[in-house]
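Work through the exercises below with the model in view. Each task is followed by a solution in steps.

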Amino acid sequence: MAAARRIVVKIGSSSLTTAAGGLDADRVDALVDVLAKVLDGDGKGDGGRDGDGKGGANGKEIVLVSSGAIAAGLAPLGLDRRPRDLARQQAAASVGQGLLVARYTASFARYGRRVGQVLLTTDDTSRRAHYRNATRTLDQLLAMGALPIVNENDTVATDEIRFGDNDRLAALVAHLVRADLLVLLSDVDGLYDGDPRAPGTSRIDEVRGPKDLDGVSIGSAGRSGVGTGGMVTKVEAARIATAAGVPVVLTSASRAGDALLGRRTGTFFHRTGRRSANRLLWLAHASAPRGALTLDDGAVRAVVERRTSLLPAGIAAVEGEFTAGDPVELRDTRGRPVARGLVNFDAKEIPQLIGRSTRDLARELGPAYEREVVHRDDLVLLD
């Protein structure tokens, strides 16, 4: 933790707003004070969990994933609570995002630091060209000394292309920027083995894998009603990040400094996997399938067990409207999703390919059809 150089920090709406739901300038300033001091090297770590005494703050880079746009827009629009309908949520985000970034800009200016706004939708992480552009933008901001502030683009995102919560977005951003650590800040100081308000519950200090959470009741952490996340989404974000080789600290906003300086705090989620190809992570967790292909039993075994490409002969059915290059879901004959991949043909082309060999298709339709429907390099298995 203390040695982490590039860190993604995520903070939720409940940690940035007043009890009435408006943006709390003091809370924003308190967070910025911590982040700026870490970036400026004003503070010393205590060696983190390994007790090796190493790990100053110099040379660190921070990407901030910040919720709060919708919450910040409630009061200016005369809304006393977060609206349920998407149109009013988008209106509140449109008003609130400017207020949120203005507050961050003014607060970081106290330390002579610049910020850059980066708004993302799932399209920006599920399409390869957009993904590369997002990576380049974030890398360039960091290279130029600016602190990126990332949020979901709530003003244009529809139900079909939403991340759903900024915890998952933060996990994907951590992989996007090749972070050394993801810090999830909540209004609770870690993961508990039950309701943290109930007597007899205790905090879980470390999670080394899914088995450590067997029998743990994971409820909502938020109590303000202005956000969309909870403890469930934070644990899922930790699962995504750690499987991609990024360790995670979950703690309260008031303990952000401890987490960033490698001191013991909250719950530490150990890595469970290695860094993988970027496109495979977003394909598994960020892409929204545009359709589905049903595979026969032989094709399921080939794709899942032998990790082969999907050929036309193994397809039993197709549904949805998609074009070549779109993500699609691969299902078994019972309708259970087994994989996700980038398809090489339009949906309207596939019915004539079903059950046929590539050799026959090439002979009848031309050499362009002598190829995989989904190549194994563009395919990821689902849990």
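**Exercise 1. Find the residues that Leu182 touches, leaving out those up to four places away in sequence.**

Solution. Step 1: apply the contact rule, heavy atoms within 4.5 Å. Step 2: list the partners of Leu182, which are Val8, Ala170, Ala171, Ala174, Ala241, Val246, Pro247, Val248 and Val249.

Two notes on the source apply throughout. This is a predicted model, where local features need pLDDT of at least 70 and side-chain atom pairs count only at pLDDT 80 or more, while totals for chains, interfaces and linings use all residues. Residues are numbered from 1 along each chain as its sequence is written, and side-chain values use heavy atoms, with hydrogens and water left out.

**Exercise 2. Describe the largest nonpolar core and say which members touch the most others.**

Solution. Step 1: a nonpolar core is a set of buried Ala, Val, Leu, Ile, Met, Phe, Trp, Tyr and Cys residues joined through side-chain atoms within 4.5 Å; buried means under 20% relative accessible area, exposed over 50%, and partly exposed in between (1.4 Å probe, protein chains only). Step 2: the largest core has 45 residues, and Val8, Val150, Val173, Leu182 and Leu191 touch the most other members. Step 3: elements that each supply at least two residues of this core include β2 (61-66), α6 (166-176), β5 (181-186) and β7 (248-252). Helices (H or I, at least four residues) and strands (E, at least two) are DSSP runs, numbered from the N terminus. Step 4: α6 gives the largest share, seven residues. Step 5: a second, separate core has 29 residues, among them Ile7, Val9, Ile11 and Leu147.

**Exercise 3. State how many helices and strands the protein chain has, and what share of its residues is buried.**

Solution. Step 1: the protein chain has eleven helices and 13 strands. Step 2: of its 383 residues, 52% are buried.
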